[in-house]
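This report describes selected features of a protein model. The sequence and the coordinates are shown first.

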Amino acid sequence: MDSKNARKMEAAEAFAIKGQVKSCELYGSGHINLTFRLVCQDQDQEHAYILQQMNHEVFKDIDGLMKNVKGVTSFLRRQIVANHGDPDRETLNLVPTKDGRDYYKDSTGNYWRMYLFVDQATCYNLVEKPEDFYQSGKAFGRFQCLLADYPADELTETIPDFHNTAARFRTFQKAVEDDVMGRAAQVEDEIRFIREREKDMSLAYDLQRAGKLPLRVSHNDTKLNNIMIDDTTREAVCIIDLDTIMPGFSIFDYGDSIRFGANTAEEDERDLSKVSLSLPLFDVYTKGFLEGSQGRLTETETDMLPYGARMMTLECGMRFLTDYLQGDVYFHINREGHNLDRCRTQLALVADMERKWTQMKDIVKRYQG
Ligand code: ADP
Ligand code: GN1
Ligand code: MG
C-alpha cells in the first residue's frame, strides 16, 4: 500500500464505522477537499460514508470550521425532526471518531472527517431539468431562513473576506504584478476585462456600511453541486459543503447559484460559444429563491439580486485567474490550463449577463411582488 492509501485507510479506521472497509474511492468534483466514498461491509449489509481530507491550506482553523459544521448540522437536525423530516438525509451528519471526536488528525498532520453518505440523491454539474434548479433555489432560499435564528457570534469566519470582491481584486492585482509563473503576458485580455470592472466591486460592502444591506448567516458556496437532488422525488434533499457558512450576503448566495447553474455550459468548458446565461433558468431559480426566502429579503436585497449574480461570476473568474497566475495553488486542477479555462467561462458569462441586464432586472421585478 502506498503512503496516500495507507493514510486514507488509517483515517477510515479512526471513525466509528459499521463493519469492515470494502472500498474507498475518490468521489465527486469538489475543487477544495479530497473526497472519498467509503463502503463498509457488515455481515450482509453495506454502509456508505463520505470520508474527506479537509484542505488545511485553505481552511487554516480546522477546529473552528468543525465547530461551525457541528453547530449548524445539530441546529438543522433539530428543525428537521420538529418538521417530521428525515434527519439522516436532509442535513449532513457527522460520524464521530472511535474516541468520540468530530474529526481526526492523522500521523502526518492531515485532517479528516466523515459524513453519512446521502444515498439515492445526486449532485449535478449542469442542470438537467429546470424543475431541479427551481427546487434548489427554493432550498437555498429556505436554508437562509432556517439559519436566520442561528447565533452568528458562535460562528468562526473560516475564510476572512471570502466574498469581499474588492479585497479579492487587490490579491489579483498583486498576482499580476508578481507574475511568478510568467503567465501574465498570455492573459492580457482577461486582465483588462477584470480591471475595467473594478468600480463595481465594493458596492455590497458599501451598502452594508451604510446600513442598507444586512449581513446574514449564509452558505457562501451555493453552486449546484453543493446541493443533493433526490433521485425519486426530484426535491432538493440536502445542502452540503458547509465549510464556508459564516455571515455574508443573501445576494451572493443567490448569485453563486446563478453563476454555476444558469450557465448553459459547464464551469470548465473550453468552447466559449457554449457559454451563456439561460434566462429561463435564471427565471426559475429566482422564483424558487424568493419563494424559499418567504418574504424575508429586504427591498434592497431583492433589487440587488442581478448584481449578486454578476459579481459572483466576476469574482469567481478573477479568483480562477489569480490562481492560474500564482501557479494553481488553490483550486484542484485536472489538466494544464484548467484554471484559465474556468476563468474564461466566467468572464464570458459576465459579458452575457451585461448584455441581458435589462431582462434579468425585469425577471426579478416580476417575482418581487
Ligand atoms: P469540496 O469542498 O471539495 O467541494 P464537498 O463537501 O462539496 O467538497 O464534497 C465533494 C462532493 O462529494 C460533492 O459535490 C458531492 O458529490 C459529494 N458529497 C459530499 N458530501 C456528501 C454526502 N454526505 N453524501 C453523498 N455525497 C456527498
Ligand atoms: C470552490 O469547494 P467547492 O468546489 O464547492 C470554492 C468556491 C468557488 C467554487 C468554484 C472554499 O467550491 O468559493 O466558487 O470552487 N470554495 C472555496 O467552482 O474556495
Ligand atoms: Mg463542494
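## Basis of the values

The model is predicted; local features need pLDDT of at least 70, side-chain atom pairs count only at pLDDT 80 or more, and totals for chains, interfaces and linings use all residues. Residues are numbered from 1 along each chain as its sequence is written, chains are lettered from A and ligands numbered from 1 in the order in which they are written, and side-chain values use heavy atoms, with hydrogens and water left out.

Asn 226 belongs to the loop between strand S7 (216-218) and S8, and Asp 241 to the loop between S9 and strand S10 (246-248), so the pair ties together parts that are 15 residues apart in sequence. Helices (H or I, at least four residues) and strands (E, at least two) are DSSP runs, numbered from the N terminus.

Asn 226 is buried, with a relative accessible area of 4%, whereas Asp 241 is partly exposed at 24%. In these terms, buried means under 20% relative accessible area, exposed over 50%, and partly exposed in between (1.4 Å probe, protein chains only).

## Salt bridges within helices

The whole structure contains 28 salt bridges, each defined as a side-chain nitrogen of Lys or Arg within 4 Å of a carboxyl oxygen of Asp or Glu. One of them joins Arg 209 to Asp 206, with the closest N and O atoms 2.9 Å apart. Both residues lie in helix H6 (residues 203-209), three residues apart, about one turn of the helix. Arg 209 is exposed, at 61% relative accessibility, and Asp 206 is partly exposed, at 38%.

Helix H11 holds another such pair, Arg 355 and Asp 352, which are likewise three residues apart, about one turn of the helix. Their side chains meet in a salt bridge of 3.3 Å, N to O. Arg 355 is exposed, at 61% relative accessibility, whereas Asp 352 is buried, with a relative accessible area of 6%.

## A salt bridge between helices and its network

Which residue forms a salt bridge with Glu 354? The partner is Arg 310, and the closest N and O atoms are 3.4 Å apart. This pair links distant parts of the chain, with Glu 354 in helix H11 (residues 338-355) and Arg 310 in helix H10 (residues 305-326), 44 residues apart. Glu 354 is partly exposed, at 30% relative accessibility, while Arg 310 is buried, with a relative accessible area of 10%.

Salt bridges that share partners join Glu 196, Arg 197, Lys 199, Asp 200, Arg 310 and Glu 354 into one network.

## Negative surface patch

Asp 86, Glu 90, Glu 131 and Glu 235 form a patch of negative charge on the surface. Patches are made of residues with over 30% relative accessible area and no salt bridge, like charges being joined within 9 Å and nonpolar side chains (Val, Leu, Ile, Met, Phe, Trp, Tyr) within 5 Å. Glu 235 is placed in the loop between strand S8 (227-230) and strand S9 (236-239) and is partly exposed, with a relative accessible area of 47%.

## Backbone angles and residue separations

Asn 220 has a positive phi of about 75° although it is not a glycine. Asn 220 sits in the loop between S7 and S8 and is buried, at 5% relative accessibility. Asp 328, also not a glycine, has a positive phi of about 55°. The loop between H10 and H11 contains Asp 328, which is buried, with a relative accessible area of 19%.

Tyr 307, in helix H10, is buried at 5% relative accessibility. Tyr 307 and Met 360 are 53 residues apart in sequence and 9.6 Å apart in space, C-alpha to C-alpha. Leu 126 lies in the loop between strand S6 (121-122) and helix H3 (130-147) and is partly exposed, at 30% relative accessibility. From Leu 126 to Ile 239 the separation is 113 residues in sequence and 17 Å in space, C-alpha to C-alpha.

Methods. Accessible areas come from the Shrake-Rupley method with a 1.4 Å probe; for residues, only the protein chains shown count as cover. Lys and Arg count as positive and Asp and Glu as negative; His and the chain ends are not counted. The place of a charge is taken as NZ of Lys, CZ of Arg, CG of Asp or CD of Glu.
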